[in-house]
Amino acid sequence: MTGFSEGYREPLRKERNSMFNVAVITGISLLAILFRVYVSRFIPYLQYLELPLLITVYFSLMWRSPIAGLFFGAAIGLAQDSLSHHPLGMFGIVKTLVGYFAASMSLRVDVGNPVLRLVLGFFFFFFHQLLYWVLANALLGETLGFEVPQALVVAILNAIVAVFLYQLLDRLKVTG
Amino acid sequence: MEFFLNRYRNLSVLVAAILAQLVLLAYQVKTNGDVRLIRVWAVGAVTPLARVIETGRSGVSHFFSDYFVLLDVRDDNKRMRAELDRVKMDNQYLRAELSTADRARSLAIFQQHSPSKTVAAHIIGNTTAPGARVVFIDRGSNSGIEPGMAVITPDGIAGKVTKVFSVSAEVLLVTDQTFAAGVISQNNRVHGTFKGLGYEGSGKIEHVQNEQKVDQGEWFFTSGDDRIFPKGRPVGEVTTVRQGKTEKEIFVTLSGFRNGLEEVLIIIEGVHAAIPDAPVTNQTVHLLAPPPADASTPMIQPLQTGPVSTDADRTKEQYRKLGQQEGHVYGERSNGAPNYNTPLKEVKPADVKPNEAKPKEAKPKEAKQDKP
């Protein structure tokens with residue numbers, strides 16, 4: 001029974017998988033992290049834009065593979081940790097979970113729908129912020145503030161940016 | 001087991017990845033250590049790009065400002081700003097020395113002690129952690145930077161180096177909530193600990209007892225107790241002082257970020273300085289406008305040129321001329337004025353009459369106080 005379901009699901013998933021050039025993935029990941037490090041220095045409001053998270057969600061949704069999603073999330077998260085003064089692993093754990101859940105969800109929904117992308121962008125941003133806050137308080141004993149109204153507003157803004165960003169990234173898919 | 005791993009392959013990998021990162025995190029927290037290799041890779045990948053972009057951005061910006069907007073003014077401005085920064089630091093050092101010794105001695109001390117050796121650096125990026133005040137600078141171990149070195153601006157302290165890579169370094173700013181430095185107040189010499197508040201421009205002083213005296217408007221300087229910042233660097237001005245439960249609640253406005261935070265100085269070899277008694281440089285001093293020329297007020301003309309030079313001489317000369325007209329010499333009695341420099345004759349007690357035993361005490365005149 002299991003073999004049948006796996007055999008049935010696998011070709012369908014591969015058929016819908018999106019492929020990207022390795023250089024494109026690396027370049028986009030670097031740019032997203034660079035944006036977080038560099039651009040927010042000149043425009044402080046842009047520090048609320050969590051581009052590394054948005055691209056983690058995007059590639060996980062497109063690949064439709066939970067294992068690929070969680071490894072990609074872990075890599076982006078650890079890179080982000082390396083550029084913070086926190087111990088390595090905080091962003092890594094959070095983004096690993098985001099990558100895994102985003103890829104798992106992509107097996108059940110149509111990831112090309114802009115409305116669904118908006119909802120997923122909103123949900124995963126809020127989940128990311130909440131989980132980071134929980135881990136920082138529980139594991140590091142930090143007393144970070146978490147204001148729900150502010151987090152909701154920023155989540156909406158990130159979701160709107162995500163819709164347009166994902167449209168742009170769709171053009172970088174390898175065709176054929 | 002094999003069936004379980006095959007059935008829940010994705011979940012197994014997820015649990016393994018999370019556990020691996022938890023172990024990594026626990027190792028760092030437990031040993032207070034760092035996994036340097038991963039950081040070096042990430043910083044090595046990102047900071048060169050940031051430098052390139054920063055160079056391009058500043059190049060384009062300078063091109064437009066140089067050739068289209070201000071021509072050569074920008075160069076002059078840059079040179080003058082650099083000169084002003086240098087003069088500010090020299091001035092502050094001299095003020096500190098002048099407050100503790102006379103001018104000649106302080107100049108000698110200044111000549112003997114060279115000021116702190118510093119390296120200029122440019123800020124090239126922020127940290128990725130939310131709420132943290134950490135920046136990256138474009139100087140690293142190749143320039144002699146080491147973890148724990150103090151980072152300053154000509155106006156005050158800015159932060160400290162926390163991690164060093166080959167061509168870049170991470171600096172924890174004074175505004176970060178985890179930042180702390182030993183400080184001392186200017187007037188009352190009260191020791192305390194400066195801590196960041198997590199937002200720009202302000203900080204607080206902790207560990208100052210309620211019994212100790214700190215005034216609003218008083219300046220705090222680094223005390224040198226933390227072995228990071230040399231003594232005598234300005235930290236900030238007290239804006240609020242309140243009595244707490246056992247310790248005072250003191251808030252200060254930071255002086256180091258006055259002119260923004262684009263370029264900083266890293267102290268390679270620090271030199272301790274005394275806490276200046278005079279107000280900190282850069283303080284705005286209100287000067288009244290010069291009085292207007294009033295036609296009704298008679299102008300005192302100088303009487304004559306030559307040897308007469310002081311007001312007393314001119315007054316004496318005025319009376320001399322008046323006396324010549326009246327045939328009288330002002331300021332001289334028949335026997336002349338007594339010479340107060342000659343020693344007094346010893347008065348024997350027998351010579352003193354009973355009613356003259358006690359000298360009369362002259363009543364001091366009540367001085368009129370001019371109200372401002």
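**Entry 1: chain A overview**

I began with burial: 49% of the 176 residues of chain A count as buried. For my own record, buried means under 20% relative accessible area, exposed means over 50%, and partly exposed is in between, with a 1.4 Å probe and protein chains only. I am working on a predicted model, where local features need pLDDT of at least 70, side-chain atom pairs count only at pLDDT 80 or more, and totals for chains, interfaces and linings use all residues. Residues are numbered from 1 along each chain as its sequence is written, chains are lettered from A and ligands numbered from 1 in the order in which they are written, and side-chain values use heavy atoms, with hydrogens and water left out.

Next I looked up the secondary structure. Chain A has 7 helices and 0 strands, and from the N terminus its elements read α-α-α-α-α-α-α. The elements are DSSP runs numbered from the N terminus: helices are H or I with at least four residues, strands are E with at least two.

**Entry 2: helix pairs**

How do H3(A) and H4(A) cross? I found that their axes come within 9 Å and cross at roughly 165°. An axis here is a line fitted to C-alpha atoms, for helices over the stretch in contact, and angles run from 0 to 180 degrees between N-to-C directions. H3(A) and H4(A) are therefore roughly antiparallel to each other. The cut-offs I noted are under 35 degrees for roughly parallel, over 145 for roughly antiparallel, 65 to 115 for roughly perpendicular, and oblique for the rest. The crossing of H3(A) and H4(A) is right-handed.

I then moved along to H4 (residues 66–82) and H5 (residues 90–106) of chain A, whose axes come within 7 Å and cross at roughly 155°. H4(A) and H5(A) are therefore also roughly antiparallel to each other, and H4(A) passes H5(A) in a right-handed crossing.

I placed A:Arg64 in the loop between helix H3 (51–63) and H4 of chain A. Is A:Arg64 buried or exposed? A:Arg64 is buried, with a relative accessible area of 5%.

B:Arg189 sits in the loop between strand S6 (180–185) and strand S7 (191–196) of chain B. B:Arg189 counts as partly exposed, at 36% relative accessibility.

**Entry 3: salt bridges**

How many salt bridges does the structure hold over all chains? I get 12, where a salt bridge is a side-chain nitrogen of Lys or Arg within 4 Å of a carboxyl oxygen of Asp or Glu.

I looked up A:Arg36 and A:Glu50, whose side chains meet in a salt bridge at 3.3 Å, N to O. This pair links distant parts of the chain, 14 residues apart: A:Arg36 is in helix H2 (residues 22–42) of chain A, and A:Glu50 is in the loop between H2 and H3 of chain A. A:Arg36 is buried at 7% relative accessible area, and A:Glu50 is buried at 4%.

In chain B, B:Arg79 and B:Glu83 form a salt bridge, with the closest N and O atoms 3.7 Å apart. These two are 4 residues apart in helix H4 (residues 73–100) of chain B, so about one helical turn separates them. B:Arg79 is partly exposed at 47%, and B:Glu83 is partly exposed at 38%.

I also checked B:Lys195 and B:Glu206, which meet in a salt bridge at 3.5 Å, N to O. B:Lys195 lies in strand S7 and B:Glu206 in strand S8 (residues 202–206) of chain B, so the pair ties together parts 11 residues apart in sequence. B:Lys195 counts as partly exposed, at 28% relative accessibility.

Back in chain A, salt bridges that share partners join A:Arg36, A:Glu50 and A:Lys95 into one network.

**Entry 4: nonpolar patch**

Last, the surface. I found a nonpolar patch of about 740 Å² made by A:Val115, A:Leu118, A:Val119, A:Val153, A:Ile156, A:Leu157, A:Ile160 and A:Phe164. Helix H6 (114–139) and helix H7 (148–170) of chain A are the elements that give two or more residues to the patch, and H7(A) has the largest share, 5 residues. Patch residues have over 30% relative accessible area and no salt bridge; like charges are joined within 9 Å, nonpolar side chains (Val, Leu, Ile, Met, Phe, Trp, Tyr) within 5 Å. Areas come from the Shrake-Rupley method with a 1.4 Å probe, and for residues only the protein chains shown count as cover.

I picked out A:Val153, in helix H7 of chain A; A:Val153 counts as partly exposed, at 48% relative accessibility.

Note on methods:
Left-handed = near helix turned anticlockwise from the far one by under 90°.
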